Amino acid sequence: MHHFIVQLNQVVMNFRGPLTKNLPTRYLPRSRRARLLWVLAGLSALAVLLTPLSSPLFPARYSTVILGENDRILRVFLAEDQQWRLPPDSSLAIPEKLKDAVLTFEDRAFSYHPGFNPFALARAAYQNGRAGRVVSGASTITMQVARLARPKARTLANKAVELLQAIKIELLYSKSEILSLYLNHAPYGGNVVGYQAASLRYFQKLPASLTWSEAALLAVLPNAPGLLSPDRGREALRNKRDRLLEQLYREGYLDSLEHSLAVLEPLPVGGIPFRIQAPHLSRYLKQKSGNRGGIVSTTINPAHQENVEALLGQHIAFLQEQGIGNGAVLVAETQTGKIRAYAGSADFFDVTHQGQVDGIRAPRSSGSILKPFLYGLAFDEGLLLPETLIKDIPTFYGSFSPQNADEKFEGVISAREALTRSLNVPAVRLLYTYGQPGFYHFLQEAGVSTLFRAPSAYGLPLILGGAETTLYDMTALFAGLGKLGRFAPLQIYRDLPPGAGKQLISPYASYQVLDVLREVKRPGAEYYWHLFGDAHPIAWKTGTSYGQRDGWAIGVTPEWTIGVWIGNFDGEGNANLAGAKSAGPLLFDIFNYLPQKPGGNWFTAPDSAGRPVTICLESGFLAGESCPETDVVTGPAGMKALRRCPYHRTLHVDLQEKEQVCSLCWESGAHKEIRRLVYPPEIAQFLRERGRLLSPVPPHHPGCPNQPSEHLITILYPQQGSHLWVPRDFGGLRQKIVFRAAHQDRQSYLYWYLNDHYLGSTQYRHELAVSPEKGWQELQIVDNNGVRTRSRFFVDSR
């Protein structure tokens with residue numbers, strides 16, 4: 001306390017010095033007067049010490065301000081008391097024009113008084129007493145800070161409390177801090193509080209850019225904030241501003257030309273609404289901050305945000321004519337993960353199309369968008385390489401039977417083409433081989449946040465859209481692919497360092513997937529992109545959910561990752577909705593807008609992360625002794641062993657190559673070895689239907705006592721052990737099931753038996769419609785050489 005009293009006394013004496021140094025000696029205090037002054041100073045110190053003063057002076061009730069790059073304001077939210085009150089920014093210097101205008105108008109002695117001005121108090125007392133009413137207040141800026149901190153009725157008692165609080169404030173804060181407190185909490189009309197909010201609301205500019213006229217207006221406005229109204233008091237406000245400008249001119253703060261131009265500036269017509277950018281993101285960040293107010297600095301690029309919103313709006317306006325109501329776009333830098341544009345819908349204020357739904361964070365069916373990650377994991381696992389053939393045939397896993405979009409089968413197709421064409425059957429078969437639980441856990445590790453069921457609940461449809469995901473998570477996953485398999489969360493907060501991420505797919509497997517996705521055909525005029533010298537490559541993937549409810553398109557380059565979702569927020573499907581034609585064009589509109597490095601920038605192959613693999617030129621599997629042609633390709637360095645080619649076989653045939661022979665039936669010196677590509681029947685049939693010419697496989701010598709039957713007949717449906725549900729039609733009759741089979745020899749006849757009852761025969765295309773009874777059934781098929789196969793299955797019906 002002693003230290004506090006000494007400080008207070010020093011302030012009083014410092015203030016007393018300038019007032020008394022020029023007085024005659026007879027008016028200076030003698031020793032008794034000095035003792036009296038010390039007593040008064042002590043009592044004053046005690047009064048100041050006992051005067052209550054809140055700490056902090058002002059409650060932290062500020063607007064939440066969302067900033068983009070270069071501190072550009074994206075959105076400002078009202079404070080909890082419904083005031084536009086921006087958070088104080090210690091790094092923001094008070095503009096000299098505003099400072100000069102405020103001190104000239106409000107408190108000329110601010111720089112040296114101890115919180116109150118005794119001359120102003122004496123003057124006010126004289127003027128008020130003479131007028132019989134309050135005509136002068138004599139409040140200093142420090143006293144106004146005390147009143148703004150805790151508003152109270154204007155009485156002499158409260159004025160005395162404010163005076164004591166002002167002295168205490170002067171002891172606790174510097175002059176610059178006091179001026180900042182005043183400017184940040186002064187009323188500026190309506191619900192505008194603080195000079196930052198006033199500058200933005202009235203002039204749409206930051207305080208540093210204020211003109212003399214604008215600074216003068218903000219200086220006089222807290223003295224009468226109700227004067228700023230479109231329909232009243234405007235002339236009185238103009239006169240106050242102009243008088244202050246005249247005074248500033250007389251005191252040399254501005255020259256004649258500046259003064260003449262300043263008085264010509266019109267007054268603002270009320271407040272101008274704050275501009276709103278990235279409304280969905282701003283709302284999300286405000287809620288995440290706990291609605292406490294303050295400044296949130298983001299990585300959003302305001303120019304990119306504005307252009308992406310415009311492109312999305314134009315595209316959705318076109319799609320709405322087709323019944324497709326909305327979309328969302330997320331743009332991030334691939335290497336840093338910094339989000340540069342975030343458009344949650346085409347129009348935040350479009351109530352008809354539920355524009356306030358955030359399409360970036362809303363869970364939606366993933367469609368086929370997850371397939372690239374499965375292929376990358378399979379490359380590392382050694383299940384295949386881009387050149388490896390994968391089966392595309394009718395496939396059944398219990399009651400689940402995936403179908404390609406065109407409802408056709410290729411027989412076999414390279415992994416590269418299966419991925420570029422986004423075929424469903426090869427992807428499901430690959431997931432079954434890789435393991436659905438392993439893929440599920442990869443998605444969790446990579447950052448997919450919407451998998452709330454157990455792996456078994458999703459099953460194999462997980463790869464076709466059987467799981468919910470968000471555009472935010474999917475964009476992060478593709479950015480991870482662009483970082484060559486290192487997956488990390490996207491970054492929206494400017495001041496947070498990027499996460500290190502997890503290496504979940506090897507760099508070379510990731511590069512292989514990107515290289516495959518670069519070949520996906522682009523929509524519209526973009527189809528011919530490679531013919532243009534200034535075109536840039538991009539790895540991209542589309543997806544369409546079941547029922548055509550969601551259309552996806554996500555693309556990645558070394559610089560940018562762009563995610564697009566198109567659909568209706570109410571989940572309504574639309575026959576016109578598809579990822580390639582609905583989301584794809586917008587993806588490329590945005591890709592072509594974004595700045596690109598010259599020279600067609602593309603990913604650099606991480607050759608040090610790969611190793612050579614000798615593969616069969618025709619099948620893409622590891623080359624075996626029977627493979628006639630081989631090729632050396634690069635695979636991930638850590639990949640597991642690739643399966644040896646299962647299709648090339650060395651056959652022992654007679655010299656005319658008409659029959660196969662073995663040690664039991666060949667004649668010495670009358671046989672030889674040949675190499676043939678031998679596909680199993682289920683593959684050969686669909687290859688033939690696609691017009692593929694296959695080398696004939698000679699039949700085994702009919703007189704041989706050992707007649708091999710493998711690889712000749714395959715029952716495609718129903719498979720062994722399956723359970724079939726057979727519905728009844730409106731007449732109560734069971735509907736028919738189409739049995740399907742395949743034979744190695746296109747010319748062979750197949751004879752069909754169900755529970756030893758003959759059903760009929762087929763040639764070329766082996767399909768037969770049957771209406772089986774309820775219970776366990778046995779299907780037997782025999783070819784014209786007596787080779788046979790069976791399948792036992794159960795039929796249920798109500």
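Ala, Val, Leu, Ile, Met, Phe, Trp, Tyr, Cys and Pro count as nonpolar, Asp, Glu, Lys and Arg as charged, and the others as polar. The legends below describe a predicted model.

**View 1. Residues lining the largest cavity of the predicted model.** The structure holds one cavity of 30 Å³ or more. The volume of the largest cavity is about 30 Å³. Its lining includes Ser-366, Leu-370, Leu-443, Val-448 and Leu-451. Leu-462, Ala-467, Glu-468, Thr-469 and Met-474 also line this cavity. Sorted by class, the lining has seven nonpolar, two polar and one charged residues. Glu-468 counts as charged because Glu belongs to that class.

**View 2. The ring pair of Trp-602 and Phe-603.** Aromatic pairs in the structure number 22. In this one, the ring centres of Trp-602 and Phe-603 are 4.9 Å apart. Their planes meet at 75 degrees, so the pair is edge-to-face. The cut-off for that label is over 60 degrees. Trp-602 is buried. Phe-603 is buried too.

**View 3. A cluster of phenylalanine rings.** Phe-373, Phe-439, Phe-442, Phe-478 and Phe-487 form the cluster. Ring pairs provide the links.

**View 4. Lys-175 over Phe-110.** The charged end of Lys-175 sits over the Phe-110 ring. It lies 4.7 Å from the ring centre.

**View 5. Lys-286 over Phe-77.** Here the ring belongs to Phe-77, and the charged end of Lys-286 sits over it. The distance from that charged end to the ring centre is 5.3 Å.

Methods
Residues are numbered from 1 along each chain as its sequence is written. This is a predicted model: local features need pLDDT of at least 70, side-chain atom pairs count only at pLDDT 80 or more; totals for chains, interfaces and linings use all residues. Side-chain values use heavy atoms; hydrogens and water are left out. Rings of Phe, Tyr and Trp (its six-membered ring) pair if their centres lie within 6.5 Å; planes under 30 degrees apart count as stacked, over 60 as edge-to-face and the rest as tilted. Buried means under 20% relative accessible area, exposed over 50%, partly exposed in between (1.4 Å probe, protein chains only). A charge sits over a ring if NZ of Lys or CZ of Arg is within 6 Å of the ring centre and within 35 degrees of the ring normal. On a 1 Å grid over the protein atoms alone, a cavity is a set of points where a 1.4 Å probe fits but cannot get out, and a pocket is an open set with protein on both sides within 12 Å along at least five of seven lines; lining residues have an atom within 4 Å of a point. Grid points are joined across faces, edges and corners, and a volume is the space filled by probe spheres set on the points.
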